[in-house]
Amino acid sequence: MAELNTGDSGGGKGGKVRSKKQNSKVDLTAMVDLAFLLITFFMLTTSLSKPQSMDLGLPDKNPDPNENKVVKTDQRRTVTVILGANDKIKWFHGLLDTPEKNGTPTTTGYDSDGIRKVILDRVKSVPEVVGDPKKGLIVIIKPTKKSTYKNLVDILDEMAICKVPTYAIVNEFSPEEKKLADDINK
């Protein structure tokens, strides 16, 4: 609100009437109140960015820890991916500890010409039969201690992009895979 201070004419003795200079003062209280009300309104009504998360299916707890279930799969359906330091990946087909080697370990990166191309080619070569868990590609992801959390998230993103039906994160290494992991972490 604007407030004008007006004094009396100072009269008394007649004479010349001088006009008084009036000091004006603007009261900004109402405008400040309105600004804080608007700020509060917009803070409460806006939606903050929602955290992005990825669904990750974890296995059920094994009721008997002494019971060890062995799952056998066809080696032609599996691709093992070892995540190493400096955004490097070693991958191979099948298993390394068998006498017949299905794939030579190859080093690649996370770019579109790297692991994505490999997985897309394997998904096409091993077609998935809907409703039959014994068919389709299986990717075994093995992060090393030198790989970063970002590397794991990147490879999980690649699994979603390539529409891999079955993948697993495993932290156990065979002796041959341990040598590969040491080689990639140099």
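Predicted model: local features only at pLDDT ≥ 70, side-chain atom pairs only at ≥ 80, totals over all residues.

Trainee: How many bridges do β3 and β6 share, and in which sense do they pair?

Mentor: They share six bridges, and the pairing is parallel. Strand β6 covers residues 138-143.

Trainee: What sits between β3 and β4?

Mentor: Five residues, and the two strands form a hairpin. One of the residues in the turn, N86, has a positive phi of about 55 degrees.

Trainee: Back to β3 itself. Is the strand mostly covered or mostly open?

Mentor: Mostly covered, with six of its six residues buried.

Trainee: Which residues are on which side?

Mentor: T78, T80 and I82 are on one side, and V79, V81 and L83 are on the other. Both faces are covered.

Trainee: How much of the whole protein is buried?

Mentor: Buried residues are 27% of the 186 in the protein.

Trainee: Switching to helices. At what angle do α2 and α3 cross?

Mentor: Roughly 40 degrees, and their axes come within 10 Å. Helix α2 is residues 115-125 and helix α3 is residues 149-162.

Trainee: Why call that oblique rather than roughly parallel?

Mentor: Because roughly parallel needs an angle under 35 degrees, and α2 and α3 cross at roughly 40 degrees, the pair is therefore oblique.

Trainee: Left-handed or right-handed?

Mentor: The crossing of α2 and α3 is right-handed.

Trainee: Which residues make the contact?

Mentor: From α2, I115, R116, I119, L120 and V123. They meet I155, E158, M159, I161 and C162 of α3. By type, the residues of this contact are eight nonpolar, two charged and no polar.

Trainee: Zooming out, how many helices and strands are there in the protein?

Mentor: Four helices and seven strands. Read from the N terminus, the order is β-β-α-β-β-β-α-β-α-β-α.

Trainee: And what share of the contacts is between residues 24 or more positions apart?

Mentor: 61%, counting the contacts in the protein with a separation of 6 or more.

Notes:
Residues numbered from 1 in each chain as written. Heavy atoms only, no water. Buried < 20%, exposed > 50% of the residue type's maximum accessible area, 1.4 Å probe, protein only. Pairing = 2+ DSSP bridges. Axes fitted to C-alpha atoms, helices over the stretch in contact; angles between N-to-C directions. Parallel < 35°, antiparallel > 145°, perpendicular 65-115°, else oblique. Left-handed = near helix turned anticlockwise from the far one by under 90°. Contact = heavy atoms within 4.5 Å. Nonpolar A, V, L, I, M, F, W, Y, C, P; charged D, E, K, R; others polar.
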